[in-house]
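The entries follow the order in which I looked things up.

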Amino acid sequence: MDDEISILKTQLYAACEDACSENPDRLFSQEDLMALDVVPPKDVKKLLQIIQILTRERLFAPVHFHSGLAWRVRPEAEAAKYKLLTSEDQILVYEIIDAAGAEGAWQQDIKKRLNLQDNALRKALKELETKRFIQQFTTVENTSKKMWIKFAMPPSARATGGPWYTDQYLDEAFIDVLQTVVVRIIKEKGSYRSTGDRGARSVSPVLPKKGVIRGGQSEAALKSKKRSADAISRDDSTTAPPSTNPVSKIRGSVRLPLPAGYLGYPTTEEITSEIISMQIAKGQPLKPEHVQELIDILVWENRVEPIKMGDGRTGYRAVRIAKQNPDMAKLDDDDFWEPRTNGLTTAPCGKCPVFELCEEGGPVWAGGCEYFDKWLA
């Protein structure tokens, strides 16, 4: 190797290290290496010669794609380990485990790819383990599989199950707690708390009592007919003295939906930061992709819904469950925004949109009320 090739090799490797400083797993194609402006333009022969030298010295790791060949930069400290391997079997086995990265390599897969005998494979693995180059671990997908990974490299979240697994068992209690916290954060940041205090200007008029018209009609008609608004007003004007001081009606605080076009719904990143600040998941490295998994489950359960807020951002708000739809949630479910009440105050008559049309023989009547059917189910 002449001096020019040696200098270009050093410069090309240094340029690749600088280019992948932000992404250590970046791959370089032949065009990418030529674009680094280290090798003279259009001198492909010299570039391939340098690539062969770097690959032979284990500083470049070739990666095969359907579109061609690419190379991954290997740190010099990792490349020096190959010089300490004493047999071809060790080199081949270590190459497969090194290329597998944090996912690890299955022992049966190594045997199939290298077509090695069991004794030769076990011997190579034992020697690599003794030199502290590799270590064995188990995955949550199949604990009986013998998996191998580079020494001191933490397995990927897919192999360990991420923060949702403790000692290779699904931590359902931890997941339920975090889901409850996520829903509470979305409710607090994605809705408006109304305290229920009403001033004199916002006091609703006291509605008159409902009854039947008294007159020369049959008893069945008297029981099925409501009084008209004029009859009710005339009756109340004679029985109830006018009130000069309006009485403010106070109810418990409830959460109300925000107006259309609101752009402050919490995003996945904001929810993650809120959970981390609460220090609920101590010792668990929660990331936005982990919280997104919880949110996806809540969306599938129809407890929260995504809201597009522009600029590519997606926020989330809690789904307001109507009490006339018990098939979506139980009447005492925590997802109800209104405070829990008894059966009388949750009867559909109190908020029926067609209450004035409800009568025996009319278009709407109690015997065929669909709201009653759902409420009594």
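This is a predicted model: local features need pLDDT of at least 70, side-chain atom pairs count only at pLDDT 80 or more; totals for chains, interfaces and linings use all residues.

**Entry 1: helix 1, span.** I looked up the extent of helix 1, which runs over residues 3-19 and has 17 residues. From its first C-alpha to its last it reaches 24 Å, close to the 24 Å expected at 1.5 Å a residue.

Entry 2: Which residues of helix 1 are buried? I noted Ile-5, Leu-8, Lys-9, Leu-12, Tyr-13, Ala-15 and Cys-16. They lie on the same side of helix 1, because the arc they cover around the axis is only 160°. Asp-3 and Asp-18, on the other side of helix 1, are exposed.

**Entry 3: helix 1, cover.** I then asked what covers the buried residues of helix 1.

**Entry 4: salt bridges, count.** With a cut-off of 4 Å between side-chain nitrogen and carboxyl oxygen, I recorded 11 salt bridges.

**Entry 5: Glu-4 and Lys-46.** These side chains meet in a salt bridge at 2.8 Å, N to O. Glu-4 belongs to helix 1 and Lys-46 to helix 3, so the pair ties together parts that are 42 residues apart in sequence. Glu-4 counts as partly exposed, at 42% relative accessibility, whereas Lys-46 is buried, with a relative accessible area of 17%.

**Entry 6: Glu-95 and Arg-58.** I found the closest N and O atoms of this salt bridge to be 2.1 Å apart. The pair links distant parts of the chain, 37 residues apart: Glu-95 is in helix 5 (residues 88-100), and Arg-58 is in the loop between helix 3 and strand 2. Glu-95 is partly exposed, with a relative accessible area of 28%; Arg-58 also counts as partly exposed, at 22% relative accessibility.

**Entry 7: Glu-78 and Lys-150.** The side chains of Glu-78 and Lys-150 form a salt bridge at 3.0 Å, N to O. Glu-78 in helix 4 and Lys-150 in strand 6 (residues 147-150) are 72 residues apart, and the pair links distant parts of the chain. Glu-78 is buried, with a relative accessible area of 18%, and Lys-150 counts as buried at 9% relative accessibility.

**Entry 8: network.** Which residues are linked with Glu-78 and Lys-150 in a network of salt bridges? I noted Arg-74, Lys-81 and Asp-98 as the other members of that network.

Technical notes
Residues are numbered from 1 along each chain as its sequence is written. Side-chain values use heavy atoms; hydrogens and water are left out. Helices (H or I, at least four residues) and strands (E, at least two) are DSSP runs, numbered from the N terminus. The expected span of a helix is 1.5 Å times one less than its number of residues. Buried means under 20% relative accessible area, exposed over 50%, partly exposed in between (1.4 Å probe, protein chains only). The arc is that of the directions from the helix axis to the C-beta atoms. Contact means heavy atoms within 4.5 Å.
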